[in-house]
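Please keep the sequence and the coordinates at hand while reading.

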Amino acid sequence: MRVKLAAGDLMRFEQIGQSFVAQVEDIDLRVINDNQFDDLYQAWLRFGVLRIRGQSLTDNELQLFSNRFGPLEEIPYGNISEKEKEKIKNRYVTVISNIKVDGRPIGGLGNKEATWHSDMTYIDNPPPASILMSIEVPEFGGDTHFSDQKAAYQSLPKELVSRVQNLSIKHNAAHTSVGDLRRGFDPIDDPRAAPGAIHPIIRIHNETKDNMLYLGRRELAYVAGLELEASEQLLDEIWHYAASDENIWTQRWEVGDVIIWDNRRVLHRRDGFDQRQRRLMKRCQVMSAVAQYVMNR
């Protein structure tokens, strides 16, 4: 299926896998023009996940392209000092890698499996857009899976929708998606004591106005106001729908792939891989898509 969203440019959109994923063809993100970006933005809202292959962007070029979606979120530091922050070359491009130089990791998350999550939902205003580019990929493993939370919401029984309609989840800020404790946080084993922002279980997408599940991460999540046992039971029930096979698409990475996903609409997770293989990714995250997009039109 080919989706042509505007005339006059060669860029094309081809639906792949489930209906929430599209591949973008005939585009160089280093020189994308305003008309093409308008089409790209509308496709991102329509589908939820876009894949662009064959890209080669420097950190600054990745930052400039990502900034067209809106002002960028600084990389997640944990609780570190301003002096430590000053050592970071680019505050807007996060390195995700298992590679070590002189025994020290050059990036975060290593080679472990990353569980289902949405990026940075532990803050009050999580990034709506995430842009991830592959520099080096392992021969096996390290695939990224996406789950459509608009479809997940639509699959919920009406009785369950009624039960969660006015409930919210506290999203744990202390741990990464691979389960590691972030710098500056104390170990936690009780979800009620975990630090983090509180968000409604069902959110209305602020641009498309669609309803969708908004769960963040299962580990150490807590349904505000419930007894712990009731919270755990309800979360298990909801997650049955959030990560069902029919709503999942898998990205098998090639060097030069760029994936843009709507962090408000999809969950994602990553397979683990052999530490002897190298994986190097670069990521930008957008603080607010709407205001910047309106200004750029």
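This is a predicted model: local features need pLDDT of at least 70, side-chain atom pairs count only at pLDDT 80 or more; totals for chains, interfaces and linings use all residues.

Asp143 lies in the loop between strand S10 and strand S11 (144–148), and, leaving aside its neighbours within four places in sequence, Asp143 is in contact with Thr250, Gln251, Arg252, Trp253, Arg269, Arg270 and Asp271. Is Asp143 buried or exposed? With a relative accessible area of 16%, Asp143 is buried, because the cut-off for that class is under 20%.

Glu113 occupies the loop between strand S8 (108–109) and strand S9 (114–117), and at 47% relative accessibility this residue counts as partly exposed. When neighbours within four places in sequence are set aside, the contacts of Glu113 are Ser177, Val178, Arg269, Arg270, Asp271 and Gly272. Between Glu113 and Gly141, which are 28 residues apart in sequence, the C-alpha to C-alpha distance is 9.5 Å.

## Overall make-up

The protein has 7 helices and 20 strands, and 50% of its 297 residues count as buried. Among contacts between residues at least 6 apart in sequence, 79% join residues at least 24 apart.

## Strand pairing

Strands of a sheet pair through backbone hydrogen bonds, either parallel or antiparallel. Strand S10 (residues 129–136) is mostly covered, with 6 of its 8 residues buried. This strand pairs in the antiparallel sense with strand S18 (residues 258–262) over 5 bridges, and the bridge partner of Ala129 in S18 is Asp262. S10 is also joined to strand S20 (residues 280–286) by 7 bridges, again in an antiparallel run, with Ser130 standing opposite Gln285 in S20.

An open sheet of 3 strands has the order S13-S12-S16, with antiparallel pairing. Strand S13 (198–200) and strand S16 (222–223) stand at the edges and have a single partner strand each, so one side of each is left without a neighbour in the sheet. Strand S12 (residues 168–170) pairs with S16 over 2 bridges in the antiparallel sense, and Tyr222 in S16 is the bridge partner of Lys170.

## A hairpin and a loop

Strand S2 (residues 12–15) and S3 pair in the antiparallel sense over 4 bridges, and Arg12 has Glu25 as its bridge partner in S3. The hairpin of S2 and S3 has 5 residues between the strands, and there Gly17 takes a positive phi near 60°.

Gly107 has its place in the loop between strand S7 (104–105) and S8. The C-alpha atoms of Gly107 and Ile96, 11 residues apart along the chain, are separated by 4.8 Å, while Val95 and Ser97 are the residues in contact with Gly107 once neighbours within four places in sequence are left aside.

## Nonpolar cores

Which members of the largest nonpolar core touch the most other members? Of its 29 residues, they are Leu40, Leu50, Phe65, Phe69, Ile131 and Ile260. At least two residues of this core come from each of strand S3 (21–25), helix H1 (34–47), strand S4 (49–52), helix H2 (59–66), S10, S18 and S20. Helix H1 gives the most to this core, with 7 residues. Apart from this core lies another, of 21 residues, among them Val223, Leu235, Ile238 and Ile248.

Not counting residues up to four places away in sequence, Leu40 touches Met11, Phe13, Val24, Ile32, Leu50, Phe65, Phe69 and Ile260. Two of the secondary-structure elements that supply the core, S10 and S18, are also the antiparallel partners joined over 5 bridges.

## Enclosed space

Rolling a probe the size of a water molecule over the atoms shows where empty space is left. A search of the whole structure finds 1 cavity of 30 Å³ or more, and the largest cavity has a volume of about 30 Å³. Its lining is made by Thr121, His171, Asn172, Arg217 and Glu219.

Terms used. Residues are numbered from 1 along each chain as its sequence is written. Side-chain values use heavy atoms; hydrogens and water are left out. Buried means under 20% relative accessible area, exposed over 50%, partly exposed in between (1.4 Å probe, protein chains only). Contact means heavy atoms within 4.5 Å. Two strands pair if DSSP finds at least two bridges between them. A nonpolar core is a set of buried Ala, Val, Leu, Ile, Met, Phe, Trp, Tyr and Cys residues joined through side-chain atoms within 4.5 Å. On a 1 Å grid over the protein atoms alone, a cavity is a set of points where a 1.4 Å probe fits but cannot get out, and a pocket is an open set with protein on both sides within 12 Å along at least five of seven lines; lining residues have an atom within 4 Å of a point. Grid points are joined across faces, edges and corners, and a volume is the space filled by probe spheres set on the points.
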